[in-house]
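My notes follow the order in which I looked.

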Amino acid sequence: PMRRALLVFSLASMTAMTASHAADSTQLTIYRSDAGSLYSSTDHGASDAGRATIHEQREVKLSDGLQTIHFDGLPSSLDTEALAVFFPDHAASVAARRLLLPGQSGLLAAHEGSLVKVLGDSGNVLAQGTLRGSRDGLLVEANGSLTLVKNYAAVQLADANIRSGAQLELAVQAQRAGSHLARLDYATGGLGWRAAYSATLHDGATCRMDFTSLASIANRSGRDWHTERLTLVAGEPHFDNVSAPQPMMSRARGGVMAMAAAPPAQAEFGDYRSYTLDGVVELPDDSVTQVPLYPARSIDCQRSWLYESGNAWSPQQPMLERDYLPRSRGISSRLGFKAFDSLPAGYLRVASVINGQHELLGEARINDTAKDRAVEVELGTPFDLHADRERTAFQLDRATHTLNEAFRITLSNTSAVARTITVREHPPRWREWTLASSSQKPASQSVDTLDFAVVVPANGKTTLDYALRYHWTAQDEN
């Protein structure tokens with residue numbers, strides 16, 4: 001039997017194949033993805049990364065009885081198991097289906113049912129007629145007979161409309177002939193979105209910034225999209241099918257893209273949040289399209305500088321070795337602000353106007369943040385701020401199960417402006433500890449953290465001295 005026969009249905013048992021091409025109506029729901037292959041300007045072509053749900057309506061002409069129809073132009077990364085096809089008017093039912101995935105013969109598979117001319121090396125015609133199969137050579141039907149061509153040089157297509165991508169082949173049982181709408185719901189990869197934020201700091205002693213919120217929508221699905229309704233989903237749904245596409249700037253296309261006039265409508269989406277744009281949105285293949293999430297605005301912010309040693313890790317028993325020291329990171333420059341609305345995860349690029357030009361100060365990722373929650377991002381390592389750390393005392397008394405340890409931190413500032421640096425210490429040796437002494441009172445203290453707000457003058461230095469006392473029991477050492 002021919003491999004191209006649709007499941008248990010033979011070619012002779014069906015009426016002529018019918019093809020449906022471009023979608024008459026399309027709606028997209030796109031999930032957030034950070035996959036670099038979607039947004040990179042160096043990656044071209046279809047990608048399996050990302051996740052979207054597509055809702056299409058296509059008009060198809062049906063005859064009475066059992067027949068084969070094709071839906072072509074489907075995305076290359078379509079999830080073969082997350083696909084539903086039905087006729088809303090109940091004029092027909094789907095008896096069986098096969099998805100023809102694009103590959104080396106993907107273009108020819110998309111043109112099965114079309115008239116072709118198969119040519120040899122010298123341009124001679126090897127076969128001419130209707131293409132019926134393309135898997136194990138080309139199966140061409142003419143005058144009621146079939147010819148299988150194994151070796152050929154070229155194929156001429158009578159259809160001037162080139163069709164590519166995946167193709168859906170359906171065995172349909174129609175109750176009545178005529179034009180009917182078919183509904184296709186499916187999941188695909190190659191589509192994803194993430195937030196793109198930009199902030200420009202104002203001049204002056206207080207921190208204020210102009211803030212822009214955009215959605216970057218990447219299309220590497222293998223086809224263009226023309227959608228009347230686009231929904232972007234913020235949050236992290238769990239996708240467990242490892243064979244399906246997963247949510248994880250591209251070269252420009254011709255033409256001019258107009259920015260949407262109004263931000264999308266925000267709403268709850270189950271446990272997540274959605275942003276919906278009503279109206280036509282064009283998403284060309286191999287492109288990144290940006291639309292506004294919120295209107296641009298000016299908001300208050302906070303600049304800070306942090307020197308941190310250790311982390312919130314707690315050992316299983318007291319760490320008593322003299323040379324044990326937590327890792328100290330350099331001073332980091334930070335920016336904080338309060339979320340004016342729900343902020344989907346994405347990347348924030350922070351700039352300042354220097355010599356009349358916007359210059360980048362740093363960029364960082366923002367996680368999903370609910371309205372009115374604090375956002376703090378690290379911008380980089382400041383050039384003019386430096387920290388030196390030294391141990392000034394160490395005394396271990398195993399008999400009383402105590403350890404005393406002291407440190408001196410010297411902060412230097414070679415800039416022309418005074419800075420307040422937060423020194424954040426995580427006592428690393430054991431969970432039971434007290435602050436024995438310090439050269440200044442801590443700004444805050446918790447079970448695993450000490451914060452000191454240290455003012456460092458312009459072109460000057462400030463030292464911070466502090467001592468810790470650890471205490472434990474004999475059982476804690478076992």
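I worked on a predicted model, in which local features need pLDDT of at least 70 and side-chain atom pairs count only at pLDDT 80 or more, while totals for chains, interfaces and linings use all residues. Residues are numbered from 1 along each chain as its sequence is written, and side-chain values use heavy atoms, with hydrogens and water left out.

**Cores.** I looked up the nonpolar cores, a core being a set of buried Ala, Val, Leu, Ile, Met, Phe, Trp, Tyr and Cys residues joined through side-chain atoms within 4.5 Å. Buried stands for under 20% relative accessible area, exposed for over 50% and partly exposed for in between, with a 1.4 Å probe and protein chains only. The largest core has 59 residues, of which Ile-30, Leu-335, Phe-337 and Leu-348 touch the most other members. Strand β14 (residues 191-201) gives the most to this core, namely six residues. Strands here are DSSP runs of E, at least two residues long, and helices are runs of H or I, at least four long, numbered from the N terminus. I also found a second, separate core of 24 residues, with Leu-385, Val-456, Leu-468 and Trp-472 among them.

I then listed the contacts (heavy atoms within 4.5 Å) of Leu-348. Apart from neighbours within four places in sequence, Leu-348 touches residues including Tyr-197, Ser-198, Ala-199, Phe-211, Leu-335 and Phe-337. The list for Leu-348 also has Gly-362, Glu-363, Ala-364, Ile-366 and Val-377.

**Cavity.** I took a cavity as a set of points, on a 1 Å grid over the protein atoms alone, where a 1.4 Å probe fits but cannot get out; lining residues have an atom within 4 Å of a point. The largest cavity has a volume of about 60 Å³, the volume being the space filled by probe spheres set on grid points joined across faces, edges and corners. Its lining includes Pro-326, Arg-389, Glu-405, Phe-407, His-426 and Tyr-466. Strands β26 (402-413) and β31 (460-471) each supply at least two lining residues, and β31 gives the largest share, three residues. By class I noted seven nonpolar, one polar and three charged residues in the lining. Nonpolar covers Ala, Val, Leu, Ile, Met, Phe, Trp, Tyr, Cys and Pro, charged covers Asp, Glu, Lys and Arg, and the others, Gly among them, are polar.

**Positive phi.** Most residues other than glycine have a negative phi. Asn-143 has a positive phi of about 55 degrees and sits in the loop between β9 (138-142) and β10 (145-149). Asn-143 is exposed, at 85% relative accessibility. Asp-286 has a positive phi near 60 degrees and lies in the loop between β18 (272-283) and β19 (287-300). Asp-286 is buried, at 4%.

**Polar contacts.** I counted pairs of N or O atoms within 3.5 Å; within protein one must be able to donate a hydrogen and the other to accept it, and residues adjacent in sequence count only if both atoms are side-chain atoms. Ser-221, in the loop between β15 (208-219) and β16 (225-234), is buried at 0%. Its side chain makes a polar contact with the side chain of Trp-225 (2.9 Å). Asp-185, in strand β13 (residues 178-188), makes a side-chain polar contact with the side chain of His-55 (3.0 Å).

Conventions: 1 Å grid on protein atoms, 1.4 Å probe; cavity = no way out; pocket = protein on both sides within 12 Å on 5 of 7 lines; lining within 4 Å.
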